[in-house]
Amino acid sequence: MTVTSDVRLTLTAEQQAVVTQPWDGWTLVTAGAGAGKTTTLTYRLEHLTAVEELEASEILVLSFSRSAVRELRERVDRLAVTARRVRAYTFDSWALSLLLQQDPGREDLTSLSFDKRIKMATEAIEAGLIEQTEIGRPAHVVIDEVQDLVGVRRELVEALLDRFGGDSGFTVVGDAAQAIYGFQVSDTRERAAETNRFFDWLRSSFGVELVELRLTDNFRAVTSEARLALPYGRRLQDLPREQSDADAKATAIHYELRALLERVIDFGSFDDGFVRDSLLDYAGTTAILCRDNGQALLLSKELGDNGVDHRIQRSARDRLAPEWLADILVATSAAAIAEDRFLEIMTTLTTPDGLDVTRAWRSMLRVAGARGQLDLSSLHRAIAEDRLPDELTCQFAHRITVSTIHRAKGLEFDRVLVLTPGALPDGRADNDPPAEARLLYVALTRARHDLYRISRDRDWMVRKFAHGYPPMERWYRGGGRGPQARWKRYGMEAAGLDINREVPAGADEPTSDPVGTQRYLTDCVRSGDAVELRRLHDLPMSAIETPQYGLFHEGRPIGSTSERFRQDLWRLLKVSRDWKVERWPLRITELRIDALETVAGSPAVAKRFGLNDRGVWLAPRLCGLGRFEWHGGSSELEGGFDA
Ligand SMILES: Nc1ncnc2c1ncn2[C@@H]1O[C@H](COP(=O)(O)OP(=O)(O)OP(=O)(O)O)[C@@H](O)[C@H]1O
């Protein structure tokens with residue numbers, strides 16, 4: 001097998017057994033956290049291409065999250081040679097590319113929900129689409145993290161293996177102890193039935209010919225604290241099938257895991273100078289993990305207030321075309337560029353730490369390559385249609401990351417600080433002890449070296465608003481626990497598409513200076529910078545929207561809000577059906593720049609505003625839990641009931 005020698009790992013006999021299965025074999029690999037599943041898959045891909053001589057295009061690699069795809073991609077690039085051309089996709093992006101193959105001109109796909117596209121892709125597979133398009137029948141299917149295959153994604157994979165399993169091989173890898181995405185199935189009884197369902201389906205469909213292999217070592221955790229939770233993996237994998245028994249066992253495990261966490265050192269408060277320095281001075285990577293996004297937003301604020309540069313881990317579904325793509329598109333008027341020219345342009349840009357430009361080149365060629373060159377119109381189209389490869393759109397590792405445990409799945413960090421969770425609530429209908437116990441297990445198994453806990457009082461004023469159609473899901477600052485609590489609104493979370501991207505920043509209110517604004521974004525605006533929204537006037541944009549807000553960075557306007565933001569803010573302020581929203585916050589503070597993104601829009605629009613002929617511009621993305629400021633300093637909701 002060809003692997004790059006400098007980083008070659010010595011695989012264990014168990015790992016080697018997985019790697020060397022024949023290409024047409026049906027293999028299920030189960031293992032605990034840090035057992036080297038992703039690493040083993042990397043070597044498996046190399047074996048399939050180098051020894052079994054499959055073409056990269058004959059291998060289909062699917063995984064659950066973008067970060068998992070990127071992790072696999074990076075390891076392939078580091079450890080493998082012949083497998084480097086193998087493509088890895090999330091289920092969602094593969095479903096989309098399949099549907100685009102079926103009907104390349106379809107423009108409505110990106111507006112459909114992820115689940116709808118997955119269902120359509122499943123139907124397309126069943127109708128024989130893959131054989132009819134240039135994708136062709138895969139000779140081998142590799143799927144990572146199968147424990148999280150529930151609902152429509154499980155059905156997609158079952159359709160795929162049903163159709164091709166007979167003639168093709170597969171390698172599927174998972175850890176039932178880390179199944180934490182069951183909540184995608186909203187009905188709790190159905191959810192319980194989903195646990196292990198894919199494993200059961202696989203065993204019954206492929207019978208004795210299914211080769212089941214286990215990996216039993218742990219390579220990640222090198223200290224005793226980092227290893228604390230490992231013995232619980234097996235117990236979580238083997239939870240009873242009967243729901244009440246499983247709940248009882250999982251409740252006990254959750255209790256024990258919490259007790260283990262109580263025994264590790266409390267990292268302390270970020271406003272303590274010593275604690276702050278030890279965060280800033282640490283040379284490795286640190287993750288601060290918590291149960292939900294409300295907590296992540298509060299911890300991020302605490303870090304920001306204390307001058308600790310960090311990033312909030314985005315949702316796996318939040319795709320963002322990086323800023324430097326705009327520079328590539330406008331650096332030349334040529335129709336296509338060769339690798340040399342690309343590398344030359346990249347040397348003139350400030351790119352994120354850790355960006356491997358050769359790898360980025362290869363990734364872009366996959367969607368916009370034409371005879372070895374990068375076709376810039378195809379690249380523009382790929383950005384506009386949200387078809388960039390997953391490894392280009394996910395976040396780069398930062399030294400300090402605040403994340404929910406869900407979003408940290410599949411990742412590892414040198415040091416992990418886990419926010420101590422509360423005890424499981426008794427007798428609540430939405431209580432799901434197996435899911436909670438697995439979640440805590442995932443959190444406690446992410447560290448390579450140091451594991452700490454942090455303790456914060458629960459802020460009951462920070463809640464999730466999740467209602468209505470179209471669905472709106474945001475964290476907000478509400479009232480406390482009293483009878484008036486439901487009428488209070490003190491702030492709202494910023495989300496991915498809150499800033500208008502339809503026209504270049506600066507093309508509409510409040511500046512009307514697109515060229516200057518684009519330059520200012522490039523020169524002066526950085527991830528993590530503090531920004532605020534200011535209401536521009538008192539005229540609501542429609543009956544279900546607030547007035548327009550401008551985005552300000554150090555007093556300078558750099559954009560305006562999207563329709564989606566204005567509608568969401570209006571919905572949050574409309575505290576009941578009869579409540580008439582009449583006033584809106586004057587300012588929304590405590591927001592930060594998440595990143596600048598490349599928007600591929602209309603060339604005519606970009607030209608009209610004096611930018612470029614390509615139709616490309618930058619737009620700021622926001623993050624943080626905004627705080628409303630009403631005029632007069634009052635923080636009360638303003639408005640009134642309909643007469
Ligand atoms: N044979 C090996 N020798 C040395 N290190 C290894 C070996 N196999 C894996 N590792 C290392 O162990 C760590 C964990 O591996 P990996 O991420 O592949 O595990 P995993 O089972 O996918 O983890 P999880 O399911 O918890 O996300 C990585 O840092 C990887 O480089």
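Author: What follows is a set of questions about the terms applied to this model, which is a predicted one.

Reader: What makes α5 roughly parallel to α7?

Author: The axes of helix α5 (residues 114-126) and helix α7 (residues 151-164) come within 9 Å and cross at roughly 15 degrees. Angles under 35 degrees count as roughly parallel, and α5 is therefore roughly parallel to α7. The crossing of these two helices, α5 and α7, is left-handed.

Reader: Which residues make that contact between α5 and α7, and how do they divide into nonpolar, polar and charged?

Author: On the α5 side the contact is made by Asp115, Ile118, Lys119, Ala121, Thr122, Ile125 and Glu126, and on the α7 side by Val152, Arg153, Glu155, Leu156, Ala159, Leu160 and Arg163. By class, the residues in the contact of α5 with α7 are seven nonpolar, one polar and six charged.

Reader: Why are α4 and α5 called oblique to each other?

Author: Helix α4 (residues 91-102) packs against α5 at an angle of about 55 degrees, with the axes 9 Å apart. Angles under 35 degrees would count as roughly parallel and those from 65 to 115 as roughly perpendicular; the pair α4 and α5 is therefore oblique. The crossing of α4 and α5 is left-handed, and the residues in contact include Phe91, Leu98 and Gln102 of α4 together with Phe114, Arg117 and Met120 of α5. Sorted by class, the contact of α4 with α5 has ten nonpolar, one polar and two charged residues.

Reader: How do you know that β15 and β16 pair?

Author: Pairing requires at least two bridges between the strands, and strand β15 (residues 462-467) and strand β16 (residues 472-478) are joined in the antiparallel sense over six bridges. One of the bridge partners in β16 is glutamate 473, which faces alanine 466 as its partner. The two strands, β15 and β16, form a hairpin with four residues between them, and glycine 468 in the turn has a positive phi of about 75 degrees.

Reader: What covers the buried residues of α22?

Author: The cover includes β15, β16 and β17 (489-492). In helix α22 (residues 563-573), the buried residues are Phe565, Arg566, Asp568, Leu569, Arg571, Leu572 and Leu573.

Reader: Why is proline 352 called partly exposed?

Author: Proline 352, found in the loop between α15 (339-347) and α16 (357-368), has 14 other C-beta atoms within 10 Å. A residue is buried at 20 or more such atoms and exposed at 12 or fewer, so proline 352 counts as partly exposed.

Key
Residues numbered from 1 in each chain as written. Predicted model: local features only at pLDDT ≥ 70, side-chain atom pairs only at ≥ 80, totals over all residues. Axes fitted to C-alpha atoms, helices over the stretch in contact; angles between N-to-C directions. Parallel < 35°, antiparallel > 145°, perpendicular 65-115°, else oblique. Left-handed = near helix turned anticlockwise from the far one by under 90°. Contact = placed C-beta atoms within 7 Å. Nonpolar A, V, L, I, M, F, W, Y, C, P; charged D, E, K, R; others polar.
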